[in-house]
Structures are given as C-alpha cells and as structure tokens.
Amino acid sequence: AFQERGVLMLLDRVEIRDLLLRCIIGINPEERVNPQDVLINLTLFADLTRAGNSDDINDAVNYKTATKRVIALVEQSHFFLVEKMATEIARLILSEFPIERMVVRLEKPGALRFARSVGVEIERTRADFGLPPLPPRL
C-alpha cells in the first residue's frame, strides 16, 4: 500500500531479481582498478491495472528497457559507495518510468571474508527526488 495525498493506494509490483553486473565500486585502492561483481534486486511499485486489462506493452512498466538502463548506469559507474549506486539506480528508474516507489537491494558478493555477501537496501519514492506525482488512475 502507498499513501498519497491522504489516500491509501494499492500498488502492484514488478520484480527484477539477481541482476549480476560488474563495475568499479569501493573505497579501497584495489577496488578502484578492477571491476567486481554487484548483485542487484529491484522491486518497482506501480499501478499495473491498465496493462493487465489492455495486454499492451505501452500500458506496462517495460522491465526489459528498465533493466537495460540499469545495466548501462552500473557498468559505466565508478561510485565509491553501494549506497550511492543504489540511490542513483532509484533516481534513474523513478525519473524515467511510471513508478511510484521502489526498493533497490545492492550487494557485493565476497566483499567480506566470512560472509557470502554484504549490501544495502533502500526504498525511495518519486517525491524523494523532487519528481511530480504520476497522474491518477483513469
């Protein structure tokens, strides 16, 4: 559920799971030289009613296009912090797609010696980036 202007809105989800990419990320000198793996999971909250009724991609959240945009951002990035990368992924998707809010989980597999992975999970809305609200359902 999502609260907008005091009205509770139920939102659907688009899930993009286990997107494994390579990029420069980290604060240590060796991390600034060689690309390393990052594992990305995205949950996009949107109203999918129109797409469900029309069966038309123009009414849907095009997750293939969204994934391509994330790949391009991440593979060309040189962020120091996973927090910054997660925030920029959220900013990109929320600004380019009809998404109300999203969750970004970003992990660095093998970053800690005795842990399978370490990462962050953030949740952002359009308002967090000063983006206008999406038009109401028709």
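Predicted model: local features only at pLDDT ≥ 70, side-chain atom pairs only at ≥ 80, totals over all residues.
View 1. Helices (H or I, at least four residues) and strands (E, at least two) are DSSP runs, numbered from the N terminus. Of the 138 residues, 41% are buried. Here, buried means under 20% relative accessible area, exposed means over 50%, and partly exposed lies in between (1.4 Å probe, protein chains only).

**View 2. Lys108 and Glu31 form a salt bridge.** A salt bridge is a side-chain nitrogen of Lys or Arg within 4 Å of a carboxyl oxygen of Asp or Glu. In this pair, the closest N and O atoms are 2.7 Å apart. Lys108 sits in strand β5 (residues 101-109) and Glu31 in the loop between β3 (12-23) and β4 (36-46), so look for partners 77 residues apart in the chain. Both Lys108 and Glu31 are buried.

**View 3. Arg69 and Glu96 join two helices through a salt bridge.** The N to O distance is 2.6 Å. Arg69 belongs to helix α2 and Glu96 to helix α3, 27 residues apart. Arg69 has a relative accessible area of 32%, so it counts as partly exposed.

**View 4. Glu15 and Arg17 make another of the 8 salt bridges.** Their closest N and O atoms are 2.0 Å apart. Glu15 is partly exposed at 38%, and Arg17 is partly exposed at 44%.

**View 5. Ile27, Phe80 and Leu81 form a nonpolar patch on the surface.** Together they have about 320 Å² of accessible area, a value from the Shrake-Rupley method with a 1.4 Å probe, where for residues only the protein chains shown count as cover. Patches are made of residues with over 30% relative accessible area and no salt bridge; like charges are joined within 9 Å, and nonpolar side chains (Val, Leu, Ile, Met, Phe, Trp, Tyr) within 5 Å. To find Phe80, go to the loop between α2 (63-75) and α3 (82-96).

Terms used: Residues numbered from 1 in each chain as written. Heavy atoms only, no water.
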